[in-house]
Amino acid sequence: DGQNIYRTVSFRGPCHDLIPCSSDNNLRSSVIKDGDETFSIGLNMPAKTVVFTNVRKFDGDKFRWLSSGEYIQMSGRAGRRGIDERGICILMVDEKIEPSTAKNMLKGNADSLNSAFHLSYNMLLNQIRCEDGHPENLLRNSFYQFQSDRAIPSLERQTKQLEEEKNSIIIEEEDSLKNYYSLIEQYRTLKKDVRDITFSAKYCLPFLQPGRLVCIELTRTAEDLPSFSLKDHVTWGVIINFQRVKSSAQGEGFFVFGQQFSNYLFISTDENFLVDEESKKPEDASYTIDVLTRCMVSKEGGAKRTTKIIPLKNRGEPLVVYSLSSIRIIISKDLLPPEARENTLKKVSEVLSRFSKEGVPLLDPEEDMKVQSSSYRKAVRRIEALESLFDKHEVAKSPLIEQKLQMLHKKQELAAKIKSIKKQMRSCTALAFKDELKARKRVLRRLGYISNDDVVELKGKVACEISSADELTLTELIFSGVFKDIKVEEMVALLSCLVWQEKLQEAQKPREELELLFAQLQEAARRVAKVQLDCKVEIDVENFASSFRPDIMEAVYAWAKGSKFYEIMEITQVFEGSLIRAIRRLEEVLQQLIQAARSIGESELESKFEEAVNKIKRDIVFAASLYL
């Protein structure tokens with residue numbers, strides 16, 4: 001009835017899940033509004049009218065305009081074959097959109113189709129096992145190789161254009177300029193090395209009191225021309241606070257830039273490498289420093305807010321950012337009001353004007369900060385030697401030296417691009433994945449999956465049957481006897497670690513016996529990864545080992561024990577759909593393991609895997625439809 005249809009259309013959700021059944025097929029499929037992108041990937045749901053309630057979408061990072069490919073796919077559902085003469089697409093645009101953006105969205109090209117082909121051990125073993133199978137022929141006839149070959153003419157044209165542009169740049173005294181350019185690059189590298197040593201937590205911590213003036217490098221944008229002046233492009237700020245933060249597991253303590261807007265602090269760290277800072281010594285930990293300086297804040301459309309550090313004399317919004325110096329001033333305890341921040345920056349400006357001739361006094365790294373490092377002293381001596389070379393260099397006082405160096409820099413960049421494209425062309429003409437194929441064969445030989453004559457061994461026959469989980473790790477677990485000595489429920493829980501891909505912030509810790517099994521899985525994964533690394537396969541051992549996660553072990557264990565679905569949802573934080581997808585994929589892995597056990601005559605393991613399938617394949621998780 002009309003009331004049901006109104007509710008369906010006004011609900012902000014994937015409407016293909018919500019449209020009520022009706023005997024009138026025309027009524028049922030007449031409108032799709034606010035549906036999700038399952039419409040754009042093949043769901044058979046034709047409609048007369050498609051309504052876009054918004055032409056922006058959140059992609060996990062920011063809100064952006066719909067791409068042309070997304071628009072074409074979703075709007076293409078409008079118009080039912082044999083019923084409608086034409087389909088209707090309605091865009092509800094409630095914000096300003098540039099004509100070029102609209103044109104690109106409505107009349108742009110569909111997303112290009114690029115090959116995602118990659119080598120896997122399962123595919124390689126199945127090719128070797130076949131009598132007429134040749135992995136090299138498979139690679140040669142792949143779509144990936146076709147695209148690589150097709151890219152060669154385009155790359156040749158790019159190389160020709162770049163070489164013409166490079167040759168058109170003629171610079172006087174180019175050889176001398178190259179020498180001077182190289183000295184500047186060395187000088188900047190050494191200055192950075194000195195800063196890294198001086199600003200390490202070991203030496204800086206005693207001098208990070210609030211009110212201390214610090215020197216900060218000005219923010220440069222992509223539009224700014226590179227500068228080759230020996231003077232640093234800096235401004236001044238004042239320390240407000242510093243605090244200890246989490247850092248990467250490698251390296252000594254260091255300081256990172258923090259940005260504080262109003263009362264919120266944003267620190268950039270990588271969650272994959274966070275470590276416990278409490279166990280570290282203060283001088284080995286990492287810190288973020290809040291520094292008040294002049295900033296210019298811009299925000300374009302739905303993009304992220306960007307902050308640019310500008311000179312104190314320029315107009316801008318005073319916000320908190322970061323860096324270090326020698327003089328201290330008295331600052332207000334409450335810097336949230338803009339007036340308090342502005343007054344503090346006025347004090348900084350007064351100090352700068354007082355020392356305008358001789359410059360603001362700085363802390364001496366050796367006398368004041370007690371930097372006792374041979375690498376520091378060596379770098380300082382080299383900097384002094386370079387500074388004396390700059391004064392004597394023949395092009396140092398040449399007219400328009402800055403512009404000439406910028407032209408040389410552009411020429412050097414063009415030469416680097418040409419070199420990169422030629423390298424890409426060489427890889428295109430060669431067989432794709434040729435080196436990786438050799439490396440993966442070495443792995444299979446070393447682990448005993450194939451013989452030196454490329455004959456598939458017993459372990460290889462098992463790996464041939466596994467394609468829905470990591471075949472090498474799972475095969476190693478089978479042949480190490482892990483599955484023989486454990487209960488079916490524990491085996492299912494262990495296998496869940498191989499199919500679960502998502503990351504939970506606060507996952508429940510599995511019980512002791514499951515944790516021991518997970519430790520065996522990680523040990524096997526590390527062993528496999530180390531062999532791959534030794535055989536020149538690009539892999540990060542720890543990342544590979546940590547890709548197997550125990551987040552749903554308890555939930556899957558309970559499900560295999562016969563618990564109801566609502567009961568297992570109470571012991572895990574994952575979404576229902578994610579858990580159902582994981583258990584379904586787990587059943588797929590078990591079916592492959594049944595075939596693997598059968599292929600090597602392991603009847604006991606085969607029956608155990610079949611029992612596991614019977615225990616998990618039940619109820620709503622394996623219902624044909626959630627809406628029936």
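E602 is partly exposed, with a relative accessible area of 24%. Partly exposed here falls between buried (under 20% relative accessible area) and exposed (over 50%), with a 1.4 Å probe and protein chains only as cover. The model is predicted, so local features need pLDDT of at least 70 and side-chain atom pairs count only at pLDDT 80 or more, while totals for chains, interfaces and linings use all residues. Residues are numbered from 1 along each chain as its sequence is written, and side-chain values use heavy atoms, leaving out hydrogens and water.

**Stop 1**

The term means a side-chain nitrogen of Lys or Arg within 4 Å of a carboxyl oxygen of Asp or Glu. Helices are DSSP runs of H or I with at least four residues, strands are runs of E with at least two, and both are numbered from the N terminus. K484 is partly exposed, at 42% relative accessibility.

**Stop 2: K422 and E163**

Select K422 next, then E163. They form a salt bridge, with the closest N and O atoms 3.3 Å apart. K422 lies in helix α12 (residues 401-429) and E163 in helix α7 (residues 143-168), so the pair ties together parts 259 residues apart in sequence. K422 is partly exposed at 36% relative accessible area. E163 is partly exposed at 30%.

**Stop 3: helix α13**

Go to residues 434-447, helix α13. Pick E436 and R440. Their salt bridge has its closest N and O atoms 2.8 Å apart. The two residues are four apart, about one turn of the helix. Which of these residues is buried? R440 is, with a relative accessible area of 12%. E436 is partly exposed, at 26%.

**Stop 4: a network**

Select E136, K441, R445 and D454 together. Salt bridges link them in a network. The structure holds 25 salt bridges.

**Stop 5: a nonpolar patch**

Finish with I88, I90 and M92. They form a nonpolar patch on the surface, with about 240 Å² of accessible area together. Patch residues have over 30% relative accessible area and no salt bridge; like charges are joined within 9 Å, and nonpolar side chains (Val, Leu, Ile, Met, Phe, Trp, Tyr) within 5 Å. Accessible areas come from the Shrake-Rupley method with a 1.4 Å probe. I88 is in strand β5 (residues 88-91). I88 counts as partly exposed, at 37% relative accessibility.
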